[in-house]
Amino acid sequence: MKNIKILTLVLTVSLMAFNCTDNDDNDFVAMEGPDFSGTYSQEDQMGRPAVNTVFNASADKDTYNVTTPSAQNAAFQSKFQANLLALSPAYADGGLNALGQDAAAFTGLLATDVLNVSLDGKTTFFDGDPANTLSGRALADDVITVELLLIFGGEDFTENPGLSNDNVNANDKPFLTSFPYLASAH
């Protein structure tokens, strides 16, 4: 019985010491974790940045962002294709991009905003080899230039050179060498 009283006393003192602060206001500060109550909704999709911006009219952008990827192709591929044909005459003439895709195949790929990840090869948006294109995305990948090349560059990336590069060749700050890898905004 004496051991139980001592244990109770030790636990009580420990809890009191653990909960003590140097806050002179004597306000109780509760530990807060994430609040998962309430209703959440998808607001934006950015697996492939700028695709929604380029290929959807303003009225469709919000709808695209909240459409599940499995339904995006059926809902948006034809709109994407019409806009691609208007943007790049090479596709209108039956041309292919560097991935060997015609307008219908390419816009079908773009309309579904998911990143495909290669489990047995490189994970990259583009590394110079069309076989590795859109197989995921690494931090250093120049995603916008790759998208411009696939839209305007033709089969060998030489068509429309003025439209095939965003001319942003580096980040404004280097990546960190450990997690979270992105440099702070400050």
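I searched the whole structure for salt bridges (a side-chain nitrogen of Lys or Arg within 4 Å of a carboxyl oxygen of Asp or Glu) and found one. Asp60 and Lys79 make that bridge, with 3.1 Å between the closest N and O atoms. Asp60 sits in helix H3 and Lys79 in helix H4, so the bridge ties together parts 19 residues apart in sequence. Helices here are DSSP runs of H or I with at least four residues, numbered from the N terminus.

A note on the source: this is a predicted model, where local features need pLDDT of at least 70, side-chain atom pairs count only at pLDDT 80 or more, and totals for chains, interfaces and linings use all residues. Residues are numbered from 1 along each chain as its sequence is written, and side-chain values use heavy atoms, leaving out hydrogens and water.

Next I looked up how covered the two partners are. I call a residue buried under 20% relative accessible area, exposed over 50% and partly exposed in between (1.4 Å probe, protein chains only). Asp60 is buried at 18%, while Lys79 is partly exposed at 36%.

Then I followed H4 itself. Where is the kink in helix H4 centred? I find it at Phe76, with a bend of about 55 degrees in a helix that covers residues 69-87. The bend is the angle between axes fitted to the seven residues ending at a residue and the seven starting there. Gln72, Phe76, Gln77, Phe80 and Leu84 are the buried residues I noted in H4. The buried residues of H4 pack against several helices, including H2 (51-55), H3 (58-66) and H7 (143-152); contact means heavy atoms within 4.5 Å.

On to the rings: I count seven aromatic pairs. Rings of Phe, Tyr and Trp (its six-membered ring) pair with centres within 6.5 Å; planes under 30 degrees apart are stacked, over 60 edge-to-face, the rest tilted. Phe55 and Phe80 are stacked, 5.3 Å centre to centre with 25 degrees between the planes. Phe179 and Tyr181 are edge-to-face instead, at 6.1 Å and 90 degrees. I also noted one aromatic cluster of Phe55, Tyr64, Phe76 and Phe80.

Is Phe179 buried or exposed? Phe179 is exposed, at 71% relative accessible area, and Tyr181 is partly exposed at 38%.

Terms used: Helices (H or I, at least four residues) and strands (E, at least two) are DSSP runs, numbered from the N terminus.
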